[in-house]
Amino acid sequence: EMRQKHPLYVKLMQYLMRMGLSPELCRSVSDQIKFCDSMAENWRQAMAFLASQIQTGDDDILSSGGIVALVGPTGVGKTTTIAKLAARYTLRHGSNKVALVTTDCYRIGAYQQLQTYGRILGVAVYVANSSDELHDTLEMLSDKELVLIDTAGVSMRDERLISQGTMLAESRFPIRSYVVLSTTTQRQSQEEVVKGYSQLDFEGVILTKLDETMVLGDAISVAINHQLPISYVCDGQMVPEDIHPARANNLVNRGVSMI
């Protein structure tokens with residue numbers, strides 16, 4: 001019945017859902033369109049509205065510095081992303097302005113991986129296994145312009161998730177937290193990640209593995225649904241080349257190219 005009465009609306013909905021966008025977002029976008037006989041014009045309107053709904057961070061981590069923590073489940077690329085950010089900042093301001101901290105005392109080799117990046121970049125790496133250790137470490141690093149904290153990647157159903165979030169939320173230093181989402185993960189799992197760290201007031205989201213995913217709509221939908229600015233996108237393993245400040249139009253164009 002919908003196809004017969006509103007064929008262009010249905011066609012647009014189908015295209016949007018092929019992008020991986022949530023049904024709610026597809027309807028929200030479609031309801032904003034002033035439909036005409038040209039499907040190309042309808043699509044142009046839809047993509048323009050979708051781009052207007054995406055908030056971006058404007059290179060906020062590298063332009064503002066401070067204490068920044070990346071959170072998210074294991075395997076999304078937090079450690080590599082931290083290395084990319086540290087390398088970019090080092091190139092701009094020098095290695096003596098940056099420090100790396102890991103709170104991951106669970107995963108075998110977590111510290112060694114970060115230490116390897118630190119050695120290559122000439123950046124000091126520290127370990128903090130508790131709230132007190134984190135406070136003491138941050139106090140010692142008060143002269144640094146950018147401190148990047150690599151947190152433990154734990155399952156959303158792991159009780160250690162709460163302790164990780166609490167360590168950051170109750171810090172006596174102003175820590176800006178960013179959630180790292182892999183674009184290869186389904187939307188429902190990404191939603192669980194964001195809700196799992198609900199005690200943190202996220203500054204934004206970093207999207208990883210854009211070079212491996214088949215759709216971008218899942219991650220875009222989650223960011224819009226939670227009104228999270230997308231700060232950076234990562235599309236490869238190269239340090240520091242494969243990280244870029246997020247741009248709404250670029251994200252939409254990239255999502256369309258995957259259809």
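Is Thr137 buried or exposed, and what is its relative accessible area? Thr137 is buried, with a relative accessible area of 8%, where buried means under 20% relative accessible area, exposed over 50% and partly exposed in between, using a 1.4 Å probe and protein chains only.

Before the tour goes on, please note that this is a predicted model, in which local features need pLDDT of at least 70 and side-chain atom pairs count only at pLDDT 80 or more, while totals for chains, interfaces and linings use all residues. Residues are numbered from 1 along each chain as its sequence is written, and side-chain values use heavy atoms, with hydrogens and water left out.

**Stop one: Thr137 and helix 8**

Select Thr137, which lies in helix 8; helices (H or I, at least four residues) and strands (E, at least two) are DSSP runs, numbered from the N terminus. Leaving out residues up to four places away in sequence, Thr137 touches Val101, Tyr126, Val127 and Ala128, where contact means heavy atoms within 4.5 Å. Tyr126 is eleven residues from Thr137 along the chain, and the C-alpha atoms of the two are separated by 7.5 Å.

Now widen the selection to the whole of helix 8 (residues 131-140), which lies across strand 1 (66-71), strand 2, strand 3, strand 4 (146-150) and strand 5 (175-182), and which runs at about 155° to strand 3. For such angles, axes are lines fitted to C-alpha atoms, for helices over the stretch in contact, and the angles run from 0 to 180 degrees between N-to-C directions.

Select the strands next, and follow an open sheet of eight strands in the order 3-2-4-1-5-6-7-8, with mixed pairing; two strands pair if DSSP finds at least two bridges between them. The edge strands, each pairing on one side only, are strand 3 (124-127) and strand 8 (243-245). On average, and with direction ignored, neighbouring strands of this sheet are turned by 25° against each other.

Begin at strand 3, which runs parallel to strand 2 (residues 98-102) and is joined to strand 2 by four bridges; here Leu100 stands opposite Val125 in strand 3.

Which residues does Thr103 touch, not counting those up to four places away in sequence? Thr103, in the loop between strand 2 and helix 7 (110-121), touches Ala128, Ile149, Asp150, Thr151, Ala152, Gln164 and Met167. At 1% relative accessibility, Thr103 counts as buried.

Move on to strand 1, where five of the six residues are buried, so that strand 1 is largely enclosed by the rest of the structure. Strand 1 pairs with strand 4 in the parallel sense over five bridges, and Ala69 stands opposite Ile149 in strand 4. Strand 1 also pairs with strand 5 in the parallel sense over five bridges, with Val71 standing opposite Val179 in strand 5.

Select Leu207, which lies in strand 6 (residues 204-208) and is buried, with a relative accessible area of 0%. Apart from neighbours within four places in sequence, Leu207 is in contact with Leu181, Thr183, Ala219, Ile230, Tyr232, Val233, Cys234 and Leu251. The C-alpha atoms of Leu207 and Ser231, which are 24 residues apart along the chain, are separated by 8.2 Å.

After helix 11 comes Gln227, whose phi is positive, near 50°.

Finish with helix 3 (residues 23-30) and helix 4 (residues 39-53), which pack at an angle of about 120°, their axes 9 Å apart. Helix 3 and helix 4 are therefore oblique to each other: angles under 35 degrees count as roughly parallel, over 145 as roughly antiparallel, 65 to 115 as roughly perpendicular and the rest as oblique. To see where they meet, select Leu25, Ser28 and Val29 in helix 3 together with Ala46, Phe49 and Leu50 in helix 4.

The contact is made by Leu8, Lys11, Leu12, Tyr15 and Leu16 of helix 2 and by Met39, Asn42, Trp43, Ala46 and Met47 of helix 4.
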